[in-house]
Amino acid sequence: MPHGLDLSDFGTTFDDTRALDELFSATYEELRRLAAAVRRGDPSATLSPTALVNEAWLKLRESPRVASATPVHFKRIAARAMRQVLIEAARRRHADKRGGGAAVVTFDESLHEPASGADDLLALDDALDALARIQPRQATLVESRFFAGLEVGEIAALLQVSESTVLRDWRAARAWLANEMREHAPRRRESSGA
Amino acid sequence: MDAIRWERVQRLFHAVADLPHDEQSEFLAAECLDDPSLAADALALVVADARGNPVIDDGVARAAGRVFARADAQPLPTERFGQYRITRVLGEGGMGVVYLGQRDDLGSLAAVKILRDAWLSPARRERFASEQRTLAQLNHPLIAQLYDANTLPDGTPWFVMEYVEGIPLTDYCAAHSTSLPGRLRLFRDVCVAVQHAHRQLVIHRDLKPSNILVRSDGTVKLLDFGIAKQLESVDGVADQTRTGMRLMTPAYAAPEQVRGGRVGTYTDVYALGVILYELMTGRLPFAVPNESSDGADALRPAREPPRPSVVARETKVLPNAAIPGSTPSKSEWADLDVLCLTAMHQDPQRRYSTVDALIRDVDHYLSGEPLEARPDSARYRLGKFVRRNREAVVAASVGAILIVAVVAFYTARLAGARNDALSEAARVERIQRFTLGLFEGQDKDAGPADTMRVVALVDRGVDNARSLDAEPAVQADLYLTLGGIYQKLGRLDRADSLTRLALERRRALFGPSRPEVAEALVALGSVRIDQAKLDEAEGLIRQGLSVARQTLPSTDPGVVKATAALGRVLQERGDYAQAIPLLDDVVRLNEAGHVPPTEIGASLSALADAHYYAGHYPASDSLNTRALSIYRAAYGDRHPLVAHVLMNLSASQFDRGNYPQAEQLARQALVINTAFYGAAHFTTAQNLTMLARALVFENRFDEATGLLHQALAIRERVYGPVNPNVASTVNELGNIAYQRDHYDEAERDFRRMLDIYRAIYGEKHYLIGVATSNLASTYLGRKDYPRAEQAFRDAVRVLSATQGPEHLNTAIARIKLGRTLLRERKFAAARDETLAGYQILVKQANPSISFITAAKKDLVAEYDTLGLAAEARKYR
């Protein structure tokens, strides 16, 4: 796992390593919390991690590096962090299932969950990369809305388009990604198993 | 697919997406005649749109749920961690998983904590290592201990710590129906654990009941230093850029923590306050913000939670034990409210500055002592104190101990930190009133007789105050308070210099037009009144009143106080016509406002004084009688304020010639004053003088002279030689000498009296008239009639101009002038003066008054000589 975020498409530097590291940790813990809530069947788990992103902004904005970013810009960065942490975890989970890890102790084998969740997420990641090559604006939209739970209005402001455009873009992107994931997922599994 | 093609596909998709299914193909075929593959792409999109995207539609939380395995399903490379073999999962948090471990050799249990997904970031590894270091550093019976630590071959760090088999603090109290004192003792243990951490420069930052376990034997253990912060220095503040990002538990997080501000030991104090709140009420102080609240809770406005006492009444979590004293009384609840709400104050500056301070107040509460945190009203503190000291305490030490407490309280709080509410004027005002109250006796029937000792203590307070240069506002408050104490003690020079310093500081700090400055101006003016510098006093007080009126509402206590002070200085100047309406206003405002009855008593008494000096005796007596019953109800019969009113009533009786009544009232007052103030206090001196005056008119000269010499010695020492109080004593001595026909001695006394009054008041004051009249009497006694006549005429002029032509004093001077004229055989002029004086007197005074008798006798002589036998007969 790289210690920095890939932010080359953000058109700015955001390289306070310490702040980013904290953002990673917080993101991870929030995702863990969400994961545990989902397993408990907690209805709050269906909520997006918006609170985390807002809170992370409030905390990190005092950092001189972060202070130069706008809140919306920061939320984009947080969305990227969410995506990278989740994808990295999915990658490791995928590897474990394929015998990559040296697990000798588990307390309940029956609880092992299918790795399909991890695979789906990896497919989404690849599909998003493909979308970014065709229409970066839509990739940013999906990243912001899915991973960081940004509101439509915030995304409209971020992308400087109308809210109705955001909704149209979202609908088309969601459908396109579904097709892309279905087409390419099997290929990906083969390649990562090599 | 390229961007251009994707644009076209999307346009087609949006055009058909919401059409009926059978029209979609038709429309697309018609639109894509040139490139049918476009229609195919668009249609595929329509199909996918209808089918949905399971990953995206499920949301990120479910994706996370599938990616992150449950702790007990998490594979581990080993089951052995040092001496311990793990047996089951105890819990999981954001950072890691905690397992129960058991030693094979001893069978003893421990908790094994493992950092999960250590790969994720160096910050996490650092934080885990930091928790481990913190635990290693904290060695305290109330904090779970570290046993062992290491790293697995794959780089996963772990440590082993004390396993605490207990339940969370709040659950424990609920399960055991723990009494309130029991809960407070458990809470105190938690504070002690946190205090230990703070002494090691560690802030916990995540204090909450689930991190505080209580064993079945009642032992408290503090756990989870996972986001604890090592302070770099002892100033107790952490740099916020290093604030951990882990979500703290919102319900216990201090406002500065939520906002991402600087955290410090005060952050833990806040969480402790919330825990205490929960222990007392069974409820959290604030509704926990919803997780979807979009960060708005981070910006929640500073607000006060409902008072614990109120909530506890509703929730009834405290056991209704039959043991007396286990249920808090109303005043105890008031303390608990203050204690808890001070700990969890929204403003870190207003909280207990340290856990030590919090513990001290918990201890104070448990042993029934006054809290340090109390925004204390005099009555509160004294109530507490007196309750603890119902058994008689040596009178002198009461005041001294309280002074020590107050000064120590002040300086400890001030020296402790650049914090707290003391800089707040209102609070200082209360402290001041309390402190000054000490010298007015409150509930004690005996007072600070050991004035010297008290002065020494106040001196020490001043030294402490001087060292607070960095806190000019608080220093000014303290100077003002201590200045007020010196004034009460009669140390007018020290009162003057401290009050002046306070005024200068406040002017420099706040600028000229602020209520704080007004307060200091009035205080200095009031010292000037006692110093008999009435011009300066009036100037200062008027200035203060004008600033107060500009900056405060008209009913504000600051304005009322300044008005009262102006009334007092005008009265001291003899300007009763102006003083009375002002003092009337003060009584009215006090009666309308929410002031303690004793303050109403004080304003009644001040108004009574003005009426008395204006010669309105019935008005004065009736106001004083009201004040007396208020004081007796509030303080009992042996309070110095009761004595004060008794003395005023005595003076009124005296003036009207009711000497036995005057004597009796003065004696009642003297018993109280001597017991309270001691034999060498200026109040005692005043009382002695009054009694002596009454005795003189009862012809008990020796007794009177002895009392007056005592009084004079006290006054010269307290006030210095040029002071109205010294003058009035000299006057009494002169009167006695005169009555005994010791005219030389009397003349010397009256001259000294006149010189003093002239130096203080100039020529236009009724006391100049009184002194001149008395001096004239010595000439009359020596049969030096021309000098006597001139002097009496001067006296009548001054008295009639200052106190009015109808005043008793004017009447007496005219009767005396009449007697002089009679001796000079100027019978017609004599008759005019005597008659005028007589007519005033009979309207107001007891007929037995010696002046009336004298006037009648003179009138008979005058009319007889004038050949008006019929007129003469009227007065025989």
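## Strands and helices of chain B

Strand 9 of chain B and strand 10 (residues 220-222) of chain B pair in the antiparallel sense over three bridges. The model is predicted: local features need pLDDT of at least 70, side-chain atom pairs count only at pLDDT 80 or more, and totals for chains, interfaces and linings use all residues. Residues are numbered from 1 along each chain as its sequence is written, while chains are lettered from A and ligands numbered from 1 in the order in which they are written.

Strands (E, at least two residues) and helices (H or I, at least four) are DSSP runs numbered from the N terminus, and two strands pair if DSSP finds at least two bridges between them. Strand 9 of chain B is also joined by three bridges to strand 7 of chain B, and these two run antiparallel.

| Strand | Residues |
|---|---|
| Strand 7 of chain B | 166-168 |
| Strand 9 of chain B | 212-215 |
| Strand 10 of chain B | 220-222 |

Gly166(B) has Arg215(B) of strand 9 as its bridge partner, and Leu213(B) stands opposite Lys221(B) of strand 10. Four residues lie between the strands in the hairpin of strands 9 and 10 of chain B, where Gly218(B) takes a positive phi near 90°.

Helix 5 (residues 60-67) of chain B is largely enclosed by the rest of the structure, because seven of its eight residues are buried. A residue is buried if 20 or more other C-beta atoms, placed from the backbone, lie within 10 Å of its own. Among the buried residues of helix 5 are Val60(B), Arg66(B) and Val67(B).

Definitions and conventions: A residue is buried if 20 or more other C-beta atoms lie within 10 Å of its own, exposed if 12 or fewer, and partly exposed in between; C-beta atoms are placed from the backbone.
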